[in-house]
Amino acid sequence: MRPLTEEETKIFFQKLAKYIGRNIKLLLERKDEPYCFRLNAERVYYASEKLVSRVHCVPRKQISCFGVCFGKFSKTKKFKLHITALAVIAPFAQYKVWVKPSAEMSYLYGNHVLKSGLGRITDNTPSNQGVVVYSMSDIPLGFGVTAKSTQECRKLDPTAIVVLNQADIGEYLRNEDSLV
């Protein structure tokens, strides 16, 4: 367990900024207690500094996880955000997409959000922007990347892809062995 290097921090924050923008600062400077990001076995964890100081007593090989796993660095140093970070990212999301109840199950099975399943979308959402996907009852379901901007979505046919699925809560069942 160690702090992220400068290069790792840059890659990680670029990916995170795609979804929450400048709100990264709010993750670290919380009012209740300070939090930090730590790397263990190529995975980035978000934990309170108090918890991190207690984990130092445990040998590295015995630590399976601590805090919230935000994602994993690949061997090529690319960062993949995991669904386990959804609960932390969702309140700070800049852009949001709501799916209709009829399209929720399709999304949770790992499919993309189609125009026919789009309930609402945040105004002025650009294309290729990270978004958090919600149900119509404001329950976060996952996150993805917009394929089209808000203005382009209005003119699309019902079978066009609006949001590319990056991660959804169905992954807890599909990938339970590799998540943590």
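Two strands pair if DSSP finds at least two bridges between them. Helices (H or I, at least four residues) and strands (E, at least two) are DSSP runs, numbered from the N terminus. The model is predicted: local features need pLDDT of at least 70, side-chain atom pairs count only at pLDDT 80 or more, and totals for chains, interfaces and linings use all residues. Residues are numbered from 1 along each chain as its sequence is written, and side-chain values use heavy atoms, leaving out hydrogens and water.

**View 1. Strand β2 and its two partners.**
Strand β2 spans residues 35-40. Strand β1 (residues 2-3) pairs with β2 in the antiparallel sense, over 2 bridges. Here Pro3 has Arg38 of β2 as its bridge partner. Strand β3 (residues 43-48) also pairs with β2 in the antiparallel sense, over 6 bridges. Cys36 has Ala47 of β3 as its bridge partner. In the hairpin of β2 and β3, 2 residues lie between the strands. Ala41 takes a positive phi near 55° in this hairpin.

**View 2. The two faces of β2.**
In a regular strand the side chains alternate between the two faces of the sheet. Tyr35, Phe37 and Leu39 lie on one side of β2. Cys36, Arg38 and Asn40 lie on the other. Both sets are buried (under 20% relative accessible area; exposed is over 50%, partly exposed in between; 1.4 Å probe, protein chains only). Because 6 of the 6 residues of β2 are buried, the strand is largely enclosed by the rest of the structure.

**View 3. Cys36 and Cys69.**
A disulfide is a pair of cysteine sulfur atoms within 2.5 Å. The count by this rule is 0 disulfides. For Cys36, the closest cysteine sulfur is in Cys69, 14 Å away and therefore too far for a bond. Cys36 is buried at 7% relative accessibility. Cys69 is buried at 5%.

Asp168 lies in strand β11 (residues 161-168). Its relative accessible area is 0%, so Asp168 counts as buried. Contact means heavy atoms within 4.5 Å. Not counting residues up to four places away in sequence, Asp168 touches Ile83, Tyr107, Leu108, Gly110, Leu141, Gly142 and Arg174. His82 is 86 residues from Asp168 in sequence, yet 8.9 Å away in space, C-alpha to C-alpha.

**View 4. Polar contacts of Asp168.**
A polar contact is a pair of N or O atoms within 3.5 Å; within protein, one must be able to donate a hydrogen and the other to accept it, and residues adjacent in sequence count only if both atoms are side-chain atoms. The side chains of Asp168 and Asn165 share such a contact, at 2.8 Å. The backbone nitrogen of Gly170 lies 2.8 Å from a polar atom of the Asp168 side chain.
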